[in-house]
Amino acid sequence: MKERVVQFGDGHRLVGILTEPSEYRSPRLIAVMSNVGLNHRVGPSRIWVDLARRLAAQGIASFRFDLSGLGDSAPRNDLSGDDERAVQDLQEALDWLANTVGQRFVLLSLCSGTDNAHQVATLDHRVCGAVFLDGYTYSTPLFLFYRKGMRFLSMPHWRRWLVRSFPDTFGRLRGQSRTAGAANEIFRREYPSRDRFEADISLMVDRGAHLFFIFSGETMYAYRRQFWDWLERKDWKGHISLEYYPKANHTYSFRADREILMAAVVDWILSLGRSRAIDSETNRAVAESSIFASPAAPIPPRLRSDLAS
Amino acid sequence: MLTHWALRRLAALLSKVGVHVLRFDYFGMGDSAGQSEEGTLQIWQQDIQTATVALKKLAKVERVSLIGYRLGAVLAWRAAATAEARPQDLVLWDPVLDGGEYLTELVESDAAFCARLLHYPTPTDPPEELGGYVLPTGLRQETARIRLLDEPLPNATRVHLYVGRETKENAALRTRLESLRRFSYAHVPEEGVNGSGNLLSTRVLQVISSALAPEDS
């Protein structure tokens with residue numbers, strides 16, 4: 001395995017670490033990861049570093065990079081919004097990789113990072129796979145039943161409610177007064193509508209991309225098949241994998257949870273590499289050369305405007 | 001996360017006043033090689049010496065200055081005693097004075113984090129993980145033994161102590177360091193969200209960059 005620092009993008013503003021295996025597995029897939037919240041490219045608890053090195057041990061390259069203004073990357077000097085900038089940065093990373101390492105990408109993202117990965121995976125034919133950790137979620141009747149109804153029978157919910165509501169009593173008993181991180185409720189993400197989400201997934205899957213959705217116990221997800229329950233279309237099962245880790249927290253801050261997650265992600269990417277369908281379909285897409293052309297389905301207006309910006 | 005952010009900003013300020021800067025990750029941390037649980041204070045202290053040699057070569061300078069934040073300040077203090085690393089300036093930014101208390105702070109911070117979760121492993125005593133990382137026994141024991149007030153005085157041309165809180169212990173350290181010929185001190189109050197110390201403070205970065213700026217800048 002070898003790792004090197006890369007400066008890329010317009011004016012070499014962006015910084016990333018390319019991790020390459022000593023021997024590439026065929027077909028050559030490249031896993032791409034960027035910031036999780038304000039963490040720099042190593043990810044929370046260094047999860048991206050561990051994943052990159054485990055993938056390299058299996059013959060798969062990866063690229064961890066900082067979006068504009070985060071980590072070691074310089075800010076963009078334009079008036080675009082955070083989301084637009086992130087999408088542009090991710091596309092610049094794929095462009096650089098396509099010219100130097102290989103042309104088939106698997107995007108790995110967590111939380112707000114999934115917003116950018118979702119947009120790019122929708123648009124960019126070079127993306128043959130994507131792993132969304134705590135990506136978009138949508139409510140279902142059963143979700144409401146579990147989250148709103150059954151929580152009254154859940155000891156962990158009661159414990160957390162007590163500590164949050166009476167920190168001086170229950171927090172102090174456990175040495176758990178509320179200090180750092182109290183602002184975590186401030187962050188809100190803007191979700192696409194359920195129809196928009198489904199249309200985007202259609203675009204990805206119909207062109208042959210494989211997707212892996214993983215949900216932790218700290219997101220708006222309450223039971224294993226919730227994902228399938230909020231979708232109208234059900235014929236994607238060969239292209240979509242799903243995992244639900246109800247006891248893991250959002251950033252996988254405990255080692256046991258991280259180990260399970262990383263094993264699942266590495267296995268999934270290896271199976272993606274073994275998939276003949278991915279190989280032929282992505283090759284075809286890449287061979288058609290026009291990265292954003294989608295002969296099967298026209299790009300929706302919202303995405304067209306994203307692309308234009 | 002915040003430390004990376006603050007050190008990056010500090011590096012930018014220092015380079016503006018003409019100081020070459022090398023930021024690096026200790027072994028097992030950030031982008032550097034190794035697993036998090038493989039790090040020891042001794043290895044990290046050696047890393048400072050390696051970084052010093054690299055910076056001297058890269059920037060073509062004969063002496064360097066060391067800046068350490070919290071535990072990094074302890075490591076810089078200790079590394080300064082070696083011939084390779086003996087710095088021009090040694091900046092101790094909110095140094096850890098007592099390793100046991102430092103570990104207790106981290107345990108409390110972890111407990112506060114766990115209080116917001118639905119599920120978490122049963123806490124162990126001593127802790128096996130802290131702040132999202134595995135805490136190996138050796139590192140925990142080494143850290144618990146830190147008593148900066150009892151360590152031999154640091155070996156540097158100039159020593160600077162910058163603290164976010166004026167505590168009795170910080171005052172004792174200041175008194176001790178005042179016996180050095182060239183010593184400066186500043187209290188830069190903590191600001192911003194709880195738990196971030198003065199990492200978000202622009203003032204502390206300006207104080208450090210002013211202290212290290214060449215006289216003709």
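Start by selecting A:Pro27, which sits in the loop between strand 2 (14-20) and strand 3 (29-33) of chain A. Helices here are DSSP runs of H or I with at least four residues, strands are runs of E with at least two, and both are numbered from the N terminus. Now show the backbone: A:Ser26 and A:Pro27 are joined by a cis peptide bond, with omega about 0 degrees.

A word on what you have open: this is a predicted model, where local features need pLDDT of at least 70, side-chain atom pairs count only at pLDDT 80 or more, and totals for chains, interfaces and linings use all residues. Residues are numbered from 1 along each chain as its sequence is written, while chains are lettered from A and ligands numbered from 1 in the order in which they are written.

Next, pick A:Ser45, in the loop between strand 3 and helix 1 (47-57) of chain A. A:Ser45 is not a glycine, yet its phi is positive, about 50 degrees. Is A:Ser45 buried or exposed? It is buried, with 22 other C-beta atoms within 10 Å. (Buried means 20 or more other C-beta atoms within 10 Å of the residue's own, exposed means 12 or fewer, and partly exposed is in between; C-beta atoms are placed from the backbone.)

Then jump to A:Cys111, in the loop between strand 5 (104-110) and helix 3 (113-123) of chain A. Phi of A:Cys111 is positive too, near 55 degrees. A:Cys111 is buried, with 20 other C-beta atoms within 10 Å.

**Over to chain B**

Hide chain A and look at chain B as a whole.

Zoom in on strand 2 of chain B, residues 89-93. Five of its five residues are buried, so the strand is largely enclosed by the rest of the structure. Show the side chains: B:Asp89, B:Val91 and B:Trp93 point one way, B:Leu90 and B:Leu92 the other. In a regular strand, side chains alternate between the two faces of the sheet.

Select B:Pro126, in the loop between helix 4 (99-114) and strand 3 (129-130) of chain B. A cis peptide bond joins B:Asp125 to B:Pro126, with omega about 5 degrees.

Finally, colour chain B by domain: domain 1 is 2-98 + 147-212 and domain 2 is 102-145. These bounds come from an automatic or database domain assignment. The C-alpha centres of the two domains lie 24 Å apart. Eight residues from domain 1 and nine residues from domain 2 make the contact, where contact means C-beta atoms, placed from the backbone, within 7 Å.

Notes: Two residues are in contact if their C-beta atoms, placed from the backbone, lie within 7 Å.
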